[in-house]
Amino acid sequence: MPCKLRIVAVVLAAGLSRRMGEKNKLLLKVDGRSLVKRVVDAFFEAGFSKVVVVTGHESERIERELAGAGVDFAHNPDFAVGMGGSIARGVATVDSSEWDGFAVCPGDLPWLDPIELGLLAEAFAAEKSSIAVAPDYGGRRGHPVLFSMESIGAMSGLK
C-alpha cells in the first residue's frame, strides 16, 4: 500500500550503540541485511519517496552500508550529545514547501513493516488536525512518529 502523501523519512543512525560494546548494532545483520538497511528498505517499500539518514558515530561505515540505496545523508557532528541534535540535522534537510510531513524513526528496528508504515501514513492523512501520529501497541507508543510540517520549526531547534 504505497504512501500517497509526500512524507520524508528521517532515519536516525548516529548513535554510539553503547550497550552493544564495540559492535555498531545498526550494522548487525538480520536475514542477510543490516538493521539500518532493513529500516531504509521498509520506508521505500511503503512508498516513501525520500529517506534521509542521519549519521554520526561511524558515519563512513553507515554510508558504505547504504551506498546505492537512494538515501540522502545528513551528518550530526554532535551525535554523542543526544538524539535531539540528530533529529534537528535530519529535518534541516526537509523543504517544508515540498512535503506534507516527516517521519522520525530510529535505525534499529529490524521488523519495521512496510504495510504498517502505509497504515500509519493513512492515519496521518486522516488526522489532518494532528501534529503527530504514532503507532500504539498494548497501550505504549512506538516508532516511527509522523509529524506535520507545523512542527518542523520546533524540531529543528532540538539539541
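Biologist: In this predicted model, is Glu58 buried, partly exposed or exposed?

Modeller: Glu58 sits in the loop between strand 4 and helix 2 (59-65), and although Glu58 is not a glycine, its phi is positive at about 50 degrees. The limits that matter here are under 20% relative accessible area for buried and over 50% for exposed. Because Glu58 has a relative accessible area of 24%, the class that applies is partly exposed.

Biologist: Which class, buried or exposed, applies to Asp31?

Modeller: Asp31 is also a residue that is not a glycine and has a positive phi of about 50 degrees, and its place is in the loop between strand 2 (29-30) and strand 3 (33-34). With the limit for exposed set at over 50%, the relative accessibility of 66% means that Asp31 counts as exposed.

Biologist: How many residues of helix 1 are buried?

Modeller: Helix 1 spans residues 35-45 and is mostly covered. The buried residues in helix 1 are Leu35, Val36, Arg38, Val39, Val40, Asp41, Ala42 and Phe43, and just after the helix Gly47 takes a positive phi of about 100 degrees. Out of 11 residues in helix 1, the number buried is 8.

Biologist: What kind of aromatic pair do Phe43 and Phe48 form?

Modeller: The model holds 2 aromatic pairs, and a pair of aromatic rings is described by the distance of the centres and the angle of the planes. For Phe43 and Phe48, both of which are buried, the centres lie 5.0 Å apart and the planes stand at 80 degrees to each other. Since planes over 60 degrees apart fall in that class, the pair is edge-to-face.

Biologist: And what is the arrangement of the rings of Phe102 and Phe147?

Modeller: This pair links distant parts of the chain, with Phe102 in strand 6 and Phe147 in strand 10 (residues 145-148), 45 residues apart. Phe102 counts as buried at 0% relative accessibility, and Phe147 counts as buried at 14%. The ring centres are 5.4 Å apart and the planes meet at 25 degrees, so the pair is stacked.

Biologist: Which residue is joined to His143 by a cis peptide bond?

Modeller: The bond has an omega of about -5 degrees, and the residue in question lies in the loop between strand 9 and strand 10. His143 is joined by this cis peptide bond to Pro144.

Biologist: Which residues does Leu112 touch, leaving aside those up to four places away in sequence?

Modeller: Leu112 has its place in the loop between strand 6 and helix 4, and with a relative accessible area of 15% it is buried. Contact is counted where heavy atoms come within 4.5 Å. The residues that Leu112 touches are Val39, Ala42, Phe43, Cys105, Leu117, His143 and Pro144.

Biologist: Which element gives the largest share of the lining of the second largest pocket?

Modeller: This pocket holds about 410 Å³ of space, and of its 15 lining residues, Glu116, Pro135, Tyr137, Gly142 and His143 lie nearest the centre. The elements that give two or more residues to the lining are helix 4 (114-126), strand 8 (136-137) and strand 9 (140-141). By class, the lining has 8 nonpolar, 2 polar and 5 charged residues. The largest share, 3 residues, comes from helix 4.

Biologist: How many residues of helix 3 are buried?

Modeller: Helix 3 (residues 83-91) is mostly covered, and its buried residues are Gly84, Gly85, Ser86, Ile87, Ala88, Gly90 and Val91. These buried residues pack against strand 1 (7-13), strand 4 (50-55), strand 5 (72-75), strand 6 (101-106) and helix 5 (152-156). Of the 9 residues in helix 3, the number buried is 7.

Notes: Residues are numbered from 1 along each chain as its sequence is written. This is a predicted model: local features need pLDDT of at least 70, side-chain atom pairs count only at pLDDT 80 or more; totals for chains, interfaces and linings use all residues. Side-chain values use heavy atoms; hydrogens and water are left out. On a 1 Å grid over the protein atoms alone, a cavity is a set of points where a 1.4 Å probe fits but cannot get out, and a pocket is an open set with protein on both sides within 12 Å along at least five of seven lines; lining residues have an atom within 4 Å of a point. Grid points are joined across faces, edges and corners, and a volume is the space filled by probe spheres set on the points. Helices (H or I, at least four residues) and strands (E, at least two) are DSSP runs, numbered from the N terminus. Ala, Val, Leu, Ile, Met, Phe, Trp, Tyr, Cys and Pro count as nonpolar, Asp, Glu, Lys and Arg as charged, and the others, Gly among them, as polar. Buried means under 20% relative accessible area, exposed over 50%, partly exposed in between (1.4 Å probe, protein chains only). Rings of Phe, Tyr and Trp (its six-membered ring) pair if their centres lie within 6.5 Å; planes under 30 degrees apart count as stacked, over 60 as edge-to-face and the rest as tilted.
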